[in-house]
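This report looks at how two chains meet and then at the build of one of them. Please keep the sequence and the structure at hand while reading.

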There are 2 protein chains.
Amino acid sequence: MPSLSMDLPLTIPAILRRLRTHFGDKTVVSRRGEGALHQTTYRQMLERSAKLAGALRQLGIDAGDRVATLCWNHDRHLEAYYAVPAMGAVLHTLNLRLHADELAFIASDAGDRILIVDDDLLPLAQSFLARTPIETVIVVGTTDAPVPAGMRDYEGVLAAAAPMALETEVEETSAAAMCYTSGTTGRSKGVVYSHRAVALHSLTLGLADNFGLREADTVMPVVPMFHANAWGLPYGAAIVGANLVLPGRQLDARSLRELLGSQRVSFTAGVPTVWNSLLQLLDAEPGVVDLSSIRAMLVGGAAVPESLLRGFGERHAIEIIHAWGMTELAPLGTIARVPTRLANASLEARYRYRATQGTPAPFIEIRARSEAGLIPWDGEAMGELEVRGPWVAAGYHGAGIGAAAFTDDGWFRTGDIVAIDPFGGIEIRDRAKDLVKSGGEWISSVELEKRLMDHPDVLEAAVIAVPHPRWQERPFAAVVLKEARATAPEVLLAWVADGVPRWWVPDALVFIDAIPRTSTGKFLKSALRERYQGWYTSA
Amino acid sequence: MPSLSMDLPLTIPAILRRLRTHFGDKTVVSRRGEGALHQTTYRQMLERSAKLAGALRQLGIDAGDRVATLCWNHDRHLEAYYAVPAMGAVLHTLNLRLHADELAFIASDAGDRILIVDDDLLPLAQSFLARTPIETVIVVGTTDAPVPAGMRDYEGVLAAAAPMALETEVEETSAAAMCYTSGTTGRSKGVVYSHRAVALHSLTLGLADNFGLREADTVMPVVPMFHANAWGLPYGAAIVGANLVLPGRQLDARSLRELLGSQRVSFTAGVPTVWNSLLQLLDAEPGVVDLSSIRAMLVGGAAVPESLLRGFGERHAIEIIHAWGMTELAPLGTIARVPTRLANASLEARYRYRATQGTPAPFIEIRARSEAGLIPWDGEAMGELEVRGPWVAAGYHGAGIGAAAFTDDGWFRTGDIVAIDPFGGIEIRDRAKDLVKSGGEWISSVELEKRLMDHPDVLEAAVIAVPHPRWQERPFAAVVLKEARATAPEVLLAWVADGVPRWWVPDALVFIDAIPRTSTGKFLKSALRERYQGWYTSA
């Protein structure tokens, strides 16, 4: 029996109609370049976005064409977020932390036709442009420096453009945006989000048990708009009508603290390293800036040490919420809100839960598989997490690319090794490729890293699998100590032994100055593995 | 460009998978018949629902077949909510307040094949059954009375059934549920909800700016499950994993107060008359039951007087939230959460806003039309509200039925006369058919009723249009005074004149014992119009 419900599509134009008609007066504050703060309203931004769309159409952009951005978090980047998908084209956010060779590959693979780029990133753009199909470059200026010959000035382009209606309909299954995985191994792969995926994902961010975004919020995404759509916050804020604060390129702890305080930010989101820096600053200079407006600070993108949650909660009365996602999930997958059954548990138990990845957002489904098949949900068994849901990627851009990441019955294989508790809460024990396979058993490198990082002298720790003549692989720890701290490897290994099974304890531990990282700030363990691969065999 | 997002459908089976895997231990407490409270878990209910689905399949129910219910709010009604749509059939909730003739028409029009009925409603069922295509009657017993010959016992049916998987997929655009409009005029019309409509609507109830449903909630729908899906609360609670309390047929203020307190209910929803009764009880016996667990009490289904909001807020510290919906909207359309721009407004201004219908839920769009075309959003102009959105009806069941309720470009004409403020907040000024058209101008009967009901002596007031020799129509007021109160018509008319334009003041006001009502508790103004139609012309 067919229903008689309207088949109104879930699209970014629908979000923008809502933004304009109900929240046009709400504000967007941006740090442009090194300069002062720039304040505007959603209404003004939508008018400018309509001009941007008109200009892009005049430059030959049609439905489905890719428009790339290479920008920090600011209002003009947000205008592209609105204009490009709403005109039926595809917004391709380039990751400015990548190497020129990688960017050349990605822009070519995506088939980008236009690039919108911040003026301070022009040197990076010029290092790969010639190797891409990009025809037109539009420069977002933050200084008086002239735009290079052959390129266009963003404001000039807008001034000359006839506005184009942004609120016409597109198919909800058509492509809205593209983002490439940052991949710690292998080549980057393109993820193509549908309007429906973006709309549903953004809607979810307003759920009380999720980010709980609401009209009364002032939201500051520290997570970059150049990766995984800043965790959906630009569109999520639009749906609920929250104010936005976009911090530009000044992402040091002092600049962030200033913005959080002066703009009375109520919700912000970033990776653990960013919040770690902020915590150190707040600890060193407590009470300098009034941060009482913050109702929640989201952390994700990497495992979060319990000490970070505790540090903000106990010393600065700021609640940190831990969530887990991936580029392939648009990106939100799970969130670690303390469930009712733990409401009266000990503070320890609650912090322990909050450091896990938590339970899935609505309509996201999970399961995990070991070599023996689907694992039981007992909180003990480890398996690779598989997910499905209406905003999960069903494949990668390009015929046959990354097909191994999908199961025969259509679930996405995350590459994360997890345990699942009886309530469907997940805890990531490792990345599949970082697991230590010792004597036929699995050892979680992440568990060992968490244990090490809970030690008061340790700033960061990476544990890798190193080939071993007897056990096939054994764990190996590389540790960065906090400034002005000193300790011995044996002391730290004894500390580890106190918290994990005896046979998990690394056979070696070295001190290093810094852990190599990927463009998005994740540990680059492949570099460590290369450096230390002969440690046990040649020793 | 096609996207590469999974096309996982938004369906009730998806909601039930989530409920079982993450919230199976959460509880459902029901009052069954006159008896004690019955407590169960979602896991147990889903197992029983699988048996109900198996039994229905064995009774010949296939995809698209209609299964009717004639039940109060309780766990076994909820089992039908889960089983019927999840097996691909269509849940048709019959309104037990309707007349037998109307029910006979509705069950025939829908083509119901099976009826699940509460034992205390058997006399009603038996008064129309013979006039319907219903083949099988399943009786939900609350006493030891034997089931009538030719009918089946619900528990017996379940005991004999083989369970059927509830979590297989259905098309998201297929029909999940049916509900007939209660229509104060004309015959009832069938609304057919898709799985997608139900899923999106239910998801929306978890938004922080909407009902804000969350896992920590204990939700008690006083609104009937036999009309408009109890405002979506049964499925909304399932998505977030909230506990449910289902009050059965004892809906008097004392019984409700007892349940709200003993079950530590945090969220509840009902029509104004229900909460009015409760308010009177709480005023008469303050502090008898601890109701501090209630975080919000939703009111909708009829205009809400500011005095109700104030009474609960100021005298009992309970926040009432006003929302507006219709059967055709599944039913939620708008909600009146105080926006940030009024956060620092006077208490008066905030109460005034909270008594309006507020702004639309995400993806619901509004506009309004007068005889001169679409009205401006100035908070003054009046027009008929038109809506569209992914959970709005696109038509009624039956070829050509009610086509006039839809515009040429596919919007639903609500029949509500509204003004829209510059921020897209709506205020219902009247029902189109209740407007008083006096000398070519519109007078809002609702505004006059609200003004009258704000008078301390007035319990209820209805204002109708009565034919007038000079002005075409003039307003006429029928008023019910509070117990033991006395006043004169002139006094009340002077009170009205103090709050509305002079030419709006009714030309006559009479005192009556009770205002006639529809089956769902709305004013039955047609009865009043019939009674008083000659007042001005024959006077």
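## Extent of the interface

In this predicted model, chain B brings 71 residues to the contact and chain A brings 71 residues as well. The area buried between chain B and chain A is about 5400 Å², and carbon and sulfur atoms give 61% of that area. On the side of chain B, the residues that lose the most area to chain A are M1(B), M6(B) and F363(B), which together account for 17% of what that side buries.

## Polar and charged pairs

Between chain B and chain A the count is four salt bridges, and one of them joins the side chains of E365(A) and R17(B), with an N to O distance of 2.6 Å. Across the interface of chain B and chain A, 30 residue pairs are found in polar contact.

Several elements of chain B, including α1 (12-23), α7 (195-204), β17 (365-370) and β19 (383-388), each supply at least two residues of the side that touches chain A. Of the elements on that side, α1(B) gives the most, with six residues, while the side of chain B that touches chain A divides by residue class into 41 nonpolar, 18 polar and twelve charged.

Of the 539 residues of chain A, 63% count as buried. Among contacts in chain A between residues at least 6 apart in sequence, 68% link residues at least 24 apart.

Methods:
Residues numbered from 1 in each chain as written. Chains lettered and ligands numbered in written order. Predicted model: local features only at pLDDT ≥ 70, side-chain atom pairs only at ≥ 80, totals over all residues. Heavy atoms only, no water. Contact = heavy atoms within 4.5 Å. Buried area = accessible area lost by both parts, 1.4 Å probe. Polar contact = N/O pair within 3.5 Å; in protein donor to acceptor, adjacent residues only side chain to side chain. Helix = DSSP H or I, 4+ residues; strand = E, 2+ residues; numbered from the N terminus. Nonpolar A, V, L, I, M, F, W, Y, C, P; charged D, E, K, R; others polar. Buried < 20%, exposed > 50% of the residue type's maximum accessible area, 1.4 Å probe, protein only.
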